[in-house]
Number of protein chains: 2
Amino acid sequence: MLSKKLIKDIQSLGLKKHREESGLFVAEGPKIVSEFLHLIPAQIEHIYATSDWLRKNTGSGVAVTLVDEDELQRISQLKTANEVVAVMKKLPQQKPVLKDEICLYLDTIKDPGNFGTLVRIADWYGIRHLIASTGSADLYNPKVIQATMSSIARVNVWYDTDDSFLQHQHMHVLAATLNGRSLHQFQKITSGILLIGNESHGIRPQFLEKATDQVMIPRIGGAESLNAAVAAGIILYKLTS
Amino acid sequence: MLSKKLIKDIQSLGLKKHREESGLFVAEGPKIVSEFLHLIPAQIEHIYATSDWLRKNTGSGVAVTLVDEDELQRISQLKTANEVVAVMKKLPQQKPVLKDEICLYLDTIKDPGNFGTLVRIADWYGIRHLIASTGSADLYNPKVIQATMSSIARVNVWYDTDDSFLQHQHMHVLAATLNGRSLHQFQKITSGILLIGNESHGIRPQFLEKATDQVMIPRIGGAESLNAAVAAGIILYKLTS
């Protein structure tokens with residue numbers, strides 16, 4: 001049986017403060033945990049799993065504690081816990097040194113689902129570095145982790161804690177806005193920084209002035225804007241095609 | 001002051017059962033409520049708003065009750081209520097009669113954020129009809145409504161309650177899968193049904209066999225898949241360009 005203190009400690013990882021103190025975070029569910037076991041086993045501190053999960057996953061060399069459904073629910077951040085909770089060590093995050101490549105810069109993406117989806121999109125397009133401004137969602141928020149679907153094992157997410165990163169870059173910076181040039185006019189590129197802004201307020205002026213060009217997705221119907229992650233996915237499709 | 005019964009009634013609209021009994025749903029926040037006031041005022045049953053909101057929105061001809069922040073929070077579905085809660089009448093939803101146009105068919109999109117984002121994407125591309133299979137999220141779930149950003153005022157969302165809709169269509173049905181033809185090979189189209197599957201399980205066989213073609217977004221990096229809404233946004237971009 002899990003001690004009350006342990007349950008409390010794991011639950012507390014739902015809060016950024018406790019993640020920062022401990023250097024730990026949680027990942028849940030068979031899909032993401034099995035990918036982490038495969039890709040970054042050294043980052044796994046401990047796994048708490050039901051017998052269902054254990055039957056399908058043996059011999060991983062990682063410390064595992066068998067729990068029942070009730071216990072799993074008590075340490076879970078999800079409404080309905082799903083077979084396994086992994087307590088993970090945060091990943092080493094490095095300040096990107098960009099070569100000839102495309103990367104993503106996110107200005108104040110606050111919604112955890114959007115932030116995680118953007119990490120997953122970066123991974124889909126083979127982008128190695130995603131940089132996030134001050135005020136962005138925390139990568140280790142459980143909702144971000146769920147939305148990334150293990151892509152954090154492949155994408156370096158780096159926080160630009162003084163919003164100065166773009167000042168020191170000499171690459172093209174392409175800002176996604178609602179009044180840029182039509183995406184239809186853009187050709188395939190192999191290097192550059194795509195700048196995506198906040199869901200409600202767009203890109204802050206201090207970042208926008210670093211942009212060397214602006215791109216807009218042509219609108220056909222009535223919606224005022226697209227979700228930030230959807231917009232990034234569309235623009236990256238065109239720029240890599 | 002709002003009565004306890006009224007607060008309970010409004011709160012209960014967070015549950016599908018109560019929305020079905022009453023024919024009502026809630027929309028929250030100044031942006032979406034002001035769009036509804038503009039686009040579909042007749043659907044608004046009642047508005048509950050703080051003095052902040054009332055200062056900026058007058059003379060709408062809709063019944064409004066002034067509430068304080070505490071009261072607003074008590075009737076809100078959000079963690080942090082935002083100026084205004086509108087109790088709305090459900091929209092008339094009609095079985096689509098498709099002409100020469102593109103429409104979206106969603107198979108079991110369960111996540112409310114994804115479902116709402118898909119309605120918003122449809123609206124962006126001028127799609128008039130979105131059809132949802134059994135097992136899909138409820139359009140009037142507060143999280144769906146928030147994600148649609150008022151696009152439900154422009155897109156007819158129809159539930160295919162016996163999953164038979166595709167059987168009676170004679171248009172091209174294009175299924176988004178992970179092993180279809182490359183999206184690069186597709187040209188602009190002006191009519192057809194784009195079929196998008198469940199976040200984890202993809203498209204059910206009974207729907208997939210109705211597909212006249214399958215499309216895949218070429219992957220460059222490591223992510224196993226893209227979020228369903230992001231994938232739909234990318235495919236629709238290409239098919240309408």
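Modeller: Contact here means heavy atoms within 4.5 Å of each other. This is a predicted model, in which local features need pLDDT of at least 70 and side-chain atom pairs count only at pLDDT 80 or more, while totals for chains, interfaces and linings use all residues. Residues are numbered from 1 along each chain as its sequence is written, chains are lettered from A and ligands numbered from 1 in the order written, and side-chain values use heavy atoms, without hydrogens and water.

Colleague: What does Ile196(B) touch?

Modeller: Leaving out residues up to four places away in sequence, Ile196(B) touches Leu104(B), Tyr105(B), Leu106(B), Asp107(B), Ile109(B), Ala176(B), Ile203(B), Ala228(B) and Ala232(B). Ile196(B) belongs to strand E9 (residues 192–196) of chain B; strands (E, at least two residues) and helices (H or I, at least four) are DSSP runs, numbered from the N terminus.

Colleague: Why is Ile196(B) called buried?

Modeller: Buried means under 20% relative accessible area, exposed over 50%, and partly exposed in between, with a 1.4 Å probe and protein chains only. The value for Ile196(B) is 3%, so Ile196(B) counts as buried.

Colleague: What makes H6(B) roughly parallel to H9(B)?

Modeller: Helix H6 (residues 112–124) and helix H9 (residues 228–239) of chain B pack at about 15°, with axes 9 Å apart. Angles under 35 degrees count as roughly parallel, over 145 as roughly antiparallel, 65 to 115 as roughly perpendicular and the rest as oblique, so this pair is roughly parallel. The axes are lines fitted to C-alpha atoms over the stretch in contact, and angles run from 0 to 180 degrees between N-to-C directions.

Colleague: Which residues make that contact?

Modeller: H6(B) gives Asn114(B), Thr117(B), Leu118(B) and Ile121(B), and H9(B) gives Ala228(B), Ala229(B), Ala232(B), Gly233(B) and Leu236(B).

Colleague: How many aromatic pairs are there, and what is the arrangement of Phe25(A) and Tyr140(A)?

Modeller: Rings of Phe, Tyr and Trp (its six-membered ring) pair if their centres lie within 6.5 Å; planes under 30 degrees apart count as stacked, over 60 as edge-to-face and the rest as tilted. The count over all chains is 10. Phe25(A) and Tyr140(A) stand 4.6 Å centre to centre with 45° between the planes, so the pair is tilted. Both residues are buried.
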